[in-house]
Amino acid sequence: MTTSETGRTQEAPPTPEVVAALKRYRVGAWVVGVGLLVLVLVGMPLKYLGGDGTVVAIVGPIHGFLYMGYLLLTADLAYRDRWAVGKAVLVALAGTIPFVSFVAERKITRPLRDAT
């Protein structure tokens, strides 16, 4: 961190490795978020209201596989940007609640995007 003339501390610009990890994380967060929305807003109603579990049978395992990738991308970004463990865990859990991965992605990436 550096100190400006006003005495306010400012974050150092992110390294190229952090920027690359951020881009990968953003893509992963959106893919997992969209997959979860399809599962919850399309697949689950079709299964429980329409009696057709085909969408859940297809999208469910795909979402689970993609979520594992999201966890790896989150861990990579957390390691490279030196996050606290609690922050990394909360961001990782964001992929399990509909719409929250989008909110987490915006909240996490805003300071890094502003610094670039």
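User: What do the buried residues of α3 pack against?
Analyst: The buried residues of α3 (buried: under 20% relative accessible area, 1.4 Å probe, protein chains only) pack against α1 (16-48), α2 and α4 (100-115). Contact means heavy atoms within 4.5 Å, and helices are DSSP runs of H or I, at least four residues, numbered from the N terminus. This is a predicted model: local features need pLDDT of at least 70, side-chain atom pairs count only at pLDDT 80 or more, and totals for chains, interfaces and linings use all residues. Residues are numbered from 1 along each chain as its sequence is written, and side-chain values use heavy atoms, without hydrogens and water.
User: Which residues of α3 are buried?
Analyst: Ala-88, Val-91 and Ala-92. They cover an arc of only 100° around the axis, so they sit on the same side of α3. The arc is taken from the directions from the helix axis to the C-beta atoms.
User: At what angle do α2 and α3 cross?
Analyst: Roughly 155°, with the axes of α2 (residues 54-81) and α3 (residues 85-93) coming within 10 Å. The two are therefore roughly antiparallel, a term for angles over 145 degrees.
User: Which residues meet there?
Analyst: Tyr-67, Tyr-70, Leu-71, Thr-74 and Ala-78 in α2 meet Ala-88, Val-91, Ala-92 and Leu-93 in α3. By class, that contact has eight nonpolar, one polar and no charged residues.
User: New topic. Where is Glu-17?
Analyst: Glu-17 is in helix α1. Its C-alpha atom is 9.0 Å from that of Leu-77, 60 residues apart along the chain.
User: Is Glu-17 buried, partly exposed or exposed?
Analyst: Glu-17 counts as partly exposed because its relative accessibility is 43%; exposed would be over 50%, and partly exposed lies between buried and that.

Conventions. Axes are lines fitted to C-alpha atoms, for helices over the stretch in contact, and angles run from 0 to 180 degrees between N-to-C directions. Angles under 35 degrees count as roughly parallel, over 145 as roughly antiparallel, 65 to 115 as roughly perpendicular and the rest as oblique. Ala, Val, Leu, Ile, Met, Phe, Trp, Tyr, Cys and Pro count as nonpolar, Asp, Glu, Lys and Arg as charged, and the others, Gly among them, as polar.
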